[in-house]
Amino acid sequence: MSIKHGLLALLEREPMYGYQLRTEFDTTTGSTWPLNVGQVYTTLARLERDGLVTPGEEDDEGRVRYAITAAGRDELTGWFATPVASSDRPRDELAIKLALAVTVPGVDVGAVIQRQRAATITAMQDLTRLKKAGPGDLSWTLVLESMRYQLEAEVRWLDHCEATLARAARERTQITDGAAASSEPATTGVRR
Amino acid sequence: MTAPALEIIDVSRIHGRGDAAVHALRGLHLTVAPGEMVAVMGPSGSGKSTLLNVAGGLDQATAGRVRVHGQELGSLSKGELAQVRRRMVGYVFQDYNLIPSLTAAENVALPLELDKVRTKEAVRQARTALDEVGLDGLYDRFPDDLSGGQQQRIAIARAVVGERSLILADEPTGALDSETGEQVLALLRARCDAGAAALLVTHEARHAGWADRVVFLRDGAVVDEAGSAVTPEAFVSGNGMAGAR
């Protein structure tokens with residue numbers, strides 16, 4: 001997701017000035033993605049350059065409210081209509097860490113998995129406490145549940161990794177035992 | 001000082017003998033305080049269900065001690081053990097285990113009546129317990145006329161009715177959709193906040209998230225524990241989705 005679309009979505013509600021956009025963005029996403037005012041104004045400048053927003057008159061305090069244009073509205077409609085591609089999401093450091101852990105000699109991969117699982121469950125407890133604290137607004141509830149379901153998926157995936165490693169270890173042992181018992185050299189192996 | 005609701009001290013449980021012996025629990029330690037909810041996670045065969053059975057006196061430890069509200073289960077006669085189970089321990093199972101021919105209130109009143117509480121008083125307490133789980137007005141309905149979520153609420157009311165204050169829950173949301181499952185967990189949490197203690201076996205991280213502590217079992221022993229050290233607000237503002245990876 002780009003900040004651009006987030007700001008357009010907020011401006012679709014009503015014209016706002018920069019600081020107000022930042023505050024509304026924080027409220028809507030439950031501060032999961034804090035923006036600084038500099039990012040807001042840089043993005044607004046680009047949106048204005050591309051004709052997606054238009055600045056209004058300066059008020060008495062020198063603030064300028066920005067409004068969404070027809071082109072901006074088309075851009076926003078297109079964004080809501082397009083699914084998020086997985087290639088647009090940031091790379092998953094955890095998956096890469098585990099992929100590397102199984103190739104580096106001396107790394108206790110089981111311990112790496114369990115440390116992550118405990119940390120993820122702790123994060124889940126924190127989020128669940130927020131959920132218990134009471135119903136927030138609908139936007140924040142959806143973001144919170146998104147985070148909880150992502151953590152749950154991560155724990156399930158860690159369970160799966162652990163089971164896969166255990167199976168690979170068993171197969172390796174069987175192959176080693178088979179090779180020792182046979183005069184024929186083993187022709188297959190299990191990659192770590 | 002109030003005694004812990006549950007103390008499991010160096011408990012082992014071995015099924016079978018000799019070469020066929022299976023070590024379901026190996027020197028396990030676990031304490032649950034009143035008002036505390038502890039979740040147990042672990043792969044199949046790690047000893048989760050055995051732990052619940054031993055904690056509730058349904059199965060006997062091969063070695064070690066189990067205390068429920070200070071009473072050591074191993075030192076009790078059969079009759080005394082049955083009384084501790086009736087008066088102090090409530091179970092919540094995946095498949096509710098309600099009696100279909102009894103109404104909601106009669107199901108909840110049953111453990112009290114088995115404990116010689118007079119019917120009128122037992123039903124009064126059962127109705128209060130049903131009110132507390134949000135089932136007021138459904139006292140006279142039969143389990144089959146109610147949804148899965150409502151049936152599980154009856155089971156929770158039965159688990160906490162009277163003086164019962166140790167809840168042992170084995171995958172209590174297994175048969176429910178995710179939203180109803182969350183409501184059941186929130187209810188268990190509320191019972192703990194009101195003073196009950198709960199030991200919850202679950203394989204779902206979202207459900208474990210309701211617990212104060214989460215212990216991880218492997219091969220019959222606790223190998224790790226997760227508990228929260230940071231405030232939720234700090235987690236979200238400093239370490240949320242964007243920053244966590």
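Guide: Two residues are in contact if their C-beta atoms, placed from the backbone, lie within 7 Å. This is a predicted model, in which local features need pLDDT of at least 70, side-chain atom pairs count only at pLDDT 80 or more, and totals for chains, interfaces and linings use all residues. Residues are numbered from 1 along each chain as its sequence is written, with chains lettered from A and ligands numbered from 1 in the order in which they are written.

Visitor: What do the buried residues of α3(A) pack against?

Guide: They pack against α1 (3-13), α2 (18-28), β1, β2 and α4 (70-81) of chain A. Helices (H or I, at least four residues) and strands (E, at least two) are DSSP runs, numbered from the N terminus.

Visitor: Which residues of α3(A) are called buried?

Guide: A:V40, A:T43, A:L44 and A:L47. A residue is buried if 20 or more other C-beta atoms lie within 10 Å of its own, exposed if 12 or fewer, and partly exposed in between, with C-beta atoms placed from the backbone.

Visitor: What lies between β1(A) and β2(A) in the hairpin?

Guide: Five residues, with A:G62 in the turn at a positive phi of about 80°.

Visitor: Where does A:G51 take its positive phi?

Guide: Just after α3(A), at about 75°.

How values were computed. Two strands pair if DSSP finds at least two bridges between them.
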